[in-house]
Structure formats: structure tokens, C-alpha cells
Amino acid sequence: MAQFAEIFLGILTAMGGFVEIGELTFTLNGGTRFAYQLLWVNLLGTIGIIVYCEMAGRVAAVKHRAVFSLIRERAGFSAGLLTLVASAIVNLLTCSAEIGGVALLWQLVSGAPYRVLLLLALLFLVLVVWLLSFQSIERIFGLGGLLMIVFGIALVHLGPDWRALAAGFVPRWPQTSHPRDTLLYFYFAVALMSSIMLPYETYFYASGGIEDKWKPSDVGLNRLVVIVGFTLGGLLSVALVGMGAEFFAAKDVEPQLPGTAALGVAATLGQWGLFAALLGMFFAFGGAAIETALASAYNLAQFAGWPWGKHRRKRDAGRFTLSWLAVFVLATIVVQTGVDPVSVVEYSIVFSVVVLPFTYFPVLMVAKDKSIMGEHANGWLSNTLGWFYLVAITLAALAAIPLFLLTHGGRG
Amino acid sequence: MPVPRAMRAAQRACGLLNRVMSVRRTPSASHRECATPGETRKAVHQAIGCVLALALVGAAALTISRRPAGADELRLPIAELRSQSAELELLRAQSAAASPRFAQVHAQHLAKAIDASRDELNAMQVEPALGEVRTAASALASQLAAAAHGAADQAAPTAALKALERSLQR
């Protein structure tokens, strides 16, 4: 039973990547603009994040080494520092957006002023991370995030075109009416891939494995956790694409707000659907905020060699504790300036592509090294997939910024 | 800033970075004990490179943003307004399915987004040939904003915005 509960680490990590506020609106938009044509990217990204989180989790279980410790060792100080700074910016922006998202959701339910709710969201998240154990956080937010399944129920209720949905998993040249839309399609493909394989998922997952005190005998459990957790995340992502394709495209609406996503469910399932969607989004956004704040603190502590971990007493990991507190506070300040949370996270998704190769290369190098990992080193399948995805994300990293500029920031 | 002072500042930054990174490592962390002065110097050079690259990108973006907008750029806020207009219609149609508070607050969020798109449209400098389209779009944006801010008798001009958007796609 205790081992079964480990599944929630995978689910919580996946929630932070697949259904956080930016990904939610972005995926819905992808479905609205291109129907099911981008589903193959969801599949590709889901397998990619499974491959790399499995490797990072295996390294954590066997060697008790987390990702940023490997990055500094393998990539060197300079490249490591660059990755640390870039990932800290991405994490901070994403955390800001999620805190903003939580406040927006609370406002939809209570009608209270947004800026007051931002402060309450900060207080809530700090209290959760301060008071709850790592295991309680992953179980509560992982389980609560599963309420997002309501989007899948709404999609089934709408009666989707299953044939078109299945065909979407096969990559093909986009069917668009204008060359500009073809560029936009590729922008969406790159950004979707990036958002599914967001680097903080791997940082958080591997560090979480160490928090959960995984041992070499937990290598099989790690595999199960990533496959179940990320497959669930992938399915939710498919449901969002479906809602975009079947509901919002028909209404000519390109969702930009979390409330719009909930409105789609309300229109399909009624009030219970609305509240389930709002609650699911609350756990997903809250989980993503915690994931990004803790990931930032893990990265900094692992890079600088500080004692870290939620399992330690706070005074024994003072700088680690101060780091995640600082991320929450800074993130709240960012979103208090009045910036739109969804826009913030869309920018962070694009720029996180650039960090991906620096994050995943050291993980692959260590996971495939028999002198370090012994019998737990990568087999041929992990190595092949690892190299394939490394090349794919490097190409995506090169294409991301030009595509972002050519498509007016992904607007068209 | 005179060059020697800049160099002193860089040296101080190197020293600070070294102190931050020279802490004792836990057994599970990397085998490296601290950043060497060479590594720190490299990191500072990298940071300077990044700042210069960002400044270049910023300058390029500023230059591009000062050009008058063509049909492609003008289409963007109009497409957003069309989508927001359609969403307002959807919200009005589904207000019974949603809770009254949700419908009210979401309408406020939508109104804010509409205001932002309208402001973007009004602030745009467009090519002379697109002046009429911009004027028509601004009028529709004002009508939509009024509808979003609670004028229940005001219809959301979705079809007109869609027609304008299509005219720019040709």
C-alpha cells in the first residue's frame, strides 16, 4: 500500500507539466486551432518525459544523486550556472503564473479582490509546504489533481470524432489554409513538446525520489510511477485537446483564461462539472506552484552543495528552506504587478526549451554509464530513446525562439 | 562608468560568487568542492555575453515595434476580440449552467481582457491603407467592451469582427 502511494509523486509531477495554468490554455488553444493534428506531439512528449524522468529517478534511487548535482559535475561550473539561472527564471515565472491561477480560481468562486487573494494564496502555499510532509503534499495534490478527469468525461459526453482523434497520433504535414498557420502549427508543436517536457518536472521528480528515500530495489517502482503518472497526465492533455477541438472550435473561442476552460465543462456537464473542474484546476495549479518553488530550492541547494530536503529539519536545511520561501514571495510580487499569469507562463514555456538539452544531457550521460550505475545502467532501449529525444529537444531549442518571433509570440 | 571601476566591480562580483559557491558540500552532492577563480571569471564573461545578447534582441524588438503595423499585425487584436466576443455570447448563453458568481466574475475577467485587446488595437500605428479597417475595428471593440461591462442590451459583435478578420486574411 505504501508503495502504491508512491504513484502520487508521478501524478503530482505530471500535473505540474501537463495541466498547469499555461499548459491548460495552451493545449485547449492547440485543439481549437488545429483540432487533433497536434496529438502526436502529446504522445511524443509524454514518452520523452517518461524516458528522462525514469532515468533521473533511477539515478536518484541507485546513487542518491539529484539532477543539478549531475549537471554541475558533468556540464561544468559555467554551463551549470547558466542552466541554474535559466531554470530559476523559468521556475519563478511558472510559479508566479500558478499563484496567479490559484487566486483567479478563488476569485471565480468567492468574488473577493484578486490582489488580496494573491496574498492568501501565498500564505496558503507557504503553510502547506511548511507544515506538511513531502509525502502528504504529493498525495493530497496528486489525488486532487485527478479531478481534472472531468475534462475527459466532458469530452466523452460531447461525442468526439474518435477516428480523427486516433489519426491525430500519426505525425503528418499540417493541413492549414495559410502559410502563416503552418508556422503557427510548428510553433505550437515545439512549445507543446517543451511544456510537456518542462525541465522542472525532472528536477522535482528525482529530488522527490530522494525525499521518498528510494533505494536501488525501488528501480522497478520508479518505472511504474513514471509510466502511470505521466500516462495519466498525457491522457488529461489529450482530453484538453479534444475539448478545444470539439467544443471551443465550434464556438469560435480561443481560451485564454482558466475560467474559459471551466465554462466549457459547465456547458457540457452542468454545475457539478464546473465545480469539479475548478477544484481539479486548483489542485493542479497549486501542485505546480509547489513543484516549481521546491524545484528551484532543490536546484540551488544541489548546485551549491547545501543540505536540502523536506525530510530534514528546517534548521538543518536553512538555506534550502529560505530558498523556497523566497521563490514563493518573489513569485507573488511578480504577479502582484498585474501581469497576466497565462502570458507569463507561455513565455516561460518557450524559454524553457533552451534549458532542456542542458538538463537532459547530464542525466543521460550518468544513466548510461555502467561504471557509475552498474547493473542499473541504461539498456539499449533507454539509450536509443535518450539520444533520440536529446536530438529532438536540441532541434526544438534551436527553432523555439525564431518560431516565437515569426508567429508574433504564438498569436498567429 | 570608467573602465578601472568596471573591472573592480567585476572582481568584486567574482569574489562574491566564489564565496557563495565555496560552501561545504554534503556527501550526496557533486564531488567538486568550490568554483575556481577561472570558473568564476568564465561565469562573469558568460553573464556579460548574455546581457549584451539581450540588449541586442531588445534593440531589434524596439525597432520592429516602431514600424507601422501591416495586415498581419492588425489581424491579431481583431482575432482576439472576435474570440472574446464569441466567449461573451457563450457565457451569456450558459449562465444558467454555471453558478451566478462564476458567471459574474468570469464576465469581469473577460471584460478586462477585452479592454486590453481594445487598448492594443487603439495604440497601433497602422499602414495608411489599413486606417479604415482599424477605425471600424475600434468601433466594434468599444461596442464589445460596453457589452462586456454589463450593457445587457448591447449585442456582442462577433460576426462583424469575424468579417473584419477575414478581410485581413486575403
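The questions and answers below go through a predicted model with chains A and B.

Residues are numbered from 1 along each chain as its sequence is written, chains are lettered from A and ligands numbered from 1 in the order written, and side-chain values use heavy atoms, without hydrogens and water. Since this is a predicted model, local features need pLDDT of at least 70 and side-chain atom pairs count only at pLDDT 80 or more, while totals for chains, interfaces and linings use all residues.

Student: What pattern does chain B follow along the sequence?
Tutor: Helices (H or I, at least four residues) and strands (E, at least two) are DSSP runs, numbered from the N terminus. Chain B has six helices and zero strands. Its pattern is α-α-α-α-α-α.

Student: What percentage of the residues in chain B is buried?
Tutor: Buried means under 20% relative accessible area, exposed over 50%, and partly exposed in between (1.4 Å probe, protein chains only). Chain B has 170 residues.

Student: Which residues touch the most other members of the largest nonpolar core?
Tutor: A nonpolar core is a set of buried Ala, Val, Leu, Ile, Met, Phe, Trp, Tyr and Cys residues joined through side-chain atoms within 4.5 Å. The largest one holds 159 residues. Those touching the most other members are Y52(A), F151(A) and F328(A).

Student: Which helix gives the most to this core?
Tutor: The helix belongs to chain A and spans residues 271–304. It supplies 19 residues. The helix is α14.

Student: How many residues are in the other core, the one that includes I78(B)?
Tutor: That core lies apart from the largest one. Among its members are I78(B), I114(B), A137(B) and L161(B). The count is 25 residues.

Student: Are the rings of F124(A) and F282(A) stacked, edge-to-face or tilted?
Tutor: Rings of Phe, Tyr and Trp (its six-membered ring) pair if their centres lie within 6.5 Å; planes under 30 degrees apart are stacked, over 60 edge-to-face, the rest tilted. Here the centres are 5.7 Å apart and the planes stand at 45°. So the pair is tilted.

Student: How many residues apart in sequence are the parts that F124(A) and F282(A) tie together?
Tutor: F124(A) lies in helix α6 (residues 114–131) of chain A, and F282(A) in helix α14 of chain A. F124(A) is partly exposed at 27% relative accessibility, whereas F282(A) is buried at 12%. The parts are 158 residues apart.

Student: Where do F204(A) and Y298(A) lie?
Tutor: Their ring centres are 6.5 Å apart with planes at 50°, so this pair is tilted. Both residues are buried. They are 94 residues apart, F204(A) in helix α11 (residues 199–211) of chain A and Y298(A) in helix α14 of chain A.

Student: Which ring lies under the charged end of R72(A)?
Tutor: A charge sits over a ring if NZ of Lys or CZ of Arg is within 6 Å of the ring centre and within 35 degrees of the ring normal. K314(A) lies over the face of W130(A) at 5.0 Å from the ring centre. The charged end of R72(A) is 5.0 Å from the centre of its ring, which belongs to F303(A).

Student: Why does N299(A) count as buried?
Tutor: N299(A) is in helix α14 of chain A. Beyond its neighbours within four places in sequence, N299(A) is in contact with F68(A), L84(A), S87(A), N91(A) and Y203(A). N299(A) counts as buried because its relative accessibility is 2%.

Student: What area is buried between chain A and chain B?
Tutor: Buried area is the accessible area (1.4 Å probe) that two parts lose on being put together, summed over both. Here 46 residues of chain A are in contact with 46 residues of chain B. Carbon and sulfur atoms give 58% of the buried area, which is about 4100 Å².

Student: What is the phi of H64(A)?
Tutor: H64(A) is in the loop between α4 (39–63) and α5 (67–110) of chain A. H64(A) is partly exposed, with a relative accessible area of 35%. Although H64(A) is not a glycine, its phi is positive, at about 55°.

Notes: Contact = heavy atoms within 4.5 Å.
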